[in-house]
Amino acid sequence: MTQIDFYTGAADRLLIACRLCAKAVQQGLKTVVHVPDERLAGQFDKLLWTFTPTGFVPHCRVDNKLADVTPVIMNSRPVLMEAGCFDVLLNLDADVPPGFEQFPRVVEIVDETEDGKLQARKRYRHYQEQGHDVRHHRLDGN
């Protein structure tokens, strides 16, 4: 079963996503970030370059020729890449990502907006109903 981790109380979802990607890279975990559209992918791409003045998170888009050797891949396609190549799926979409059950771990980040909380509750219930191990982590002072 896939382990699902919900991080709630995020003041800035993309910033938390950057931090979690950096942590995954430090731990040697290959991560795919599921983004719903190109606008958000562009924002996230830019933030990965600038969120820390002294660090860098190696990343690229799914169609980049270096995707096979890059630890963080951004994907906005409806169908995810070959899950067996990845350790973590970080979901930035409002919906449950297709093919999530093929990943050992899924990370969900929930902001403080009512809409964000409502969408996250739906995803949470979906994962629970499918029998996955769902964990909750409260972010404080992020």
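Visitor: Which residues does Leu 14 touch, not counting those up to four places away in sequence?
Guide: Leu 14 touches Leu 40, Gln 43, Phe 44, Leu 47 and Leu 92. Contact here means heavy atoms within 4.5 Å.

Visitor: What kind of model is this, and how are residues numbered?
Guide: This is a predicted model, in which local features need pLDDT of at least 70 and side-chain atom pairs count only at pLDDT 80 or more, while totals for chains, interfaces and linings use all residues. Residues are numbered from 1 along each chain as its sequence is written, and side-chain values use heavy atoms, with hydrogens and water left out.

Visitor: Back to Leu 14. Buried or exposed?
Guide: Leu 14 counts as buried because its relative accessibility is 14%. Buried means under 20% relative accessible area, exposed means over 50%, and partly exposed is in between (1.4 Å probe, protein chains only).

Visitor: How far apart are Leu 14 and Phe 44?
Guide: Their C-alpha atoms are separated by 6.3 Å, and the two residues are 30 apart along the chain.

Visitor: Which helix is Leu 14 in?
Guide: Leu 14 is in α1. Helices (H or I, at least four residues) and strands (E, at least two) are DSSP runs, numbered from the N terminus. α1 has 14 residues and spans 20 Å from its first C-alpha to its last, close to the 20 Å expected at 1.5 Å a residue. The expected span is 1.5 Å times one less than the number of residues.

Visitor: What do the buried residues of α1 pack against?
Guide: They pack against β1, β2 (31–34), α2 (38–50), β4 (72–75), β5 (88–91) and β6. Among these buried residues are Leu 15, Ile 16 and Cys 18.

Visitor: And Arg 13, buried or partly exposed?
Guide: Arg 13, also found in α1, counts as partly exposed because its relative accessibility is 21%. Arg 13 and Leu 92 are 79 residues apart in sequence, with 8.2 Å between their C-alpha atoms.

Visitor: How much space is in the second largest pocket?
Guide: About 180 Å³. Its lining includes Thr 8, Asp 111 and His 136. α3 again gives the most, with 4 residues.

Visitor: What does the side chain of Thr 8 make a polar contact with?
Guide: The side chain of His 136, at 2.6 Å. A polar contact is a pair of N or O atoms within 3.5 Å; within protein, one must be able to donate a hydrogen and the other to accept it, and residues adjacent in sequence count only if both atoms are side-chain atoms. Thr 8 lies in strand β1.

Technical notes: 1 Å grid on protein atoms, 1.4 Å probe; cavity = no way out; pocket = protein on both sides within 12 Å on 5 of 7 lines; lining within 4 Å. Points joined across faces, edges and corners; volume = space filled by probe spheres on them.
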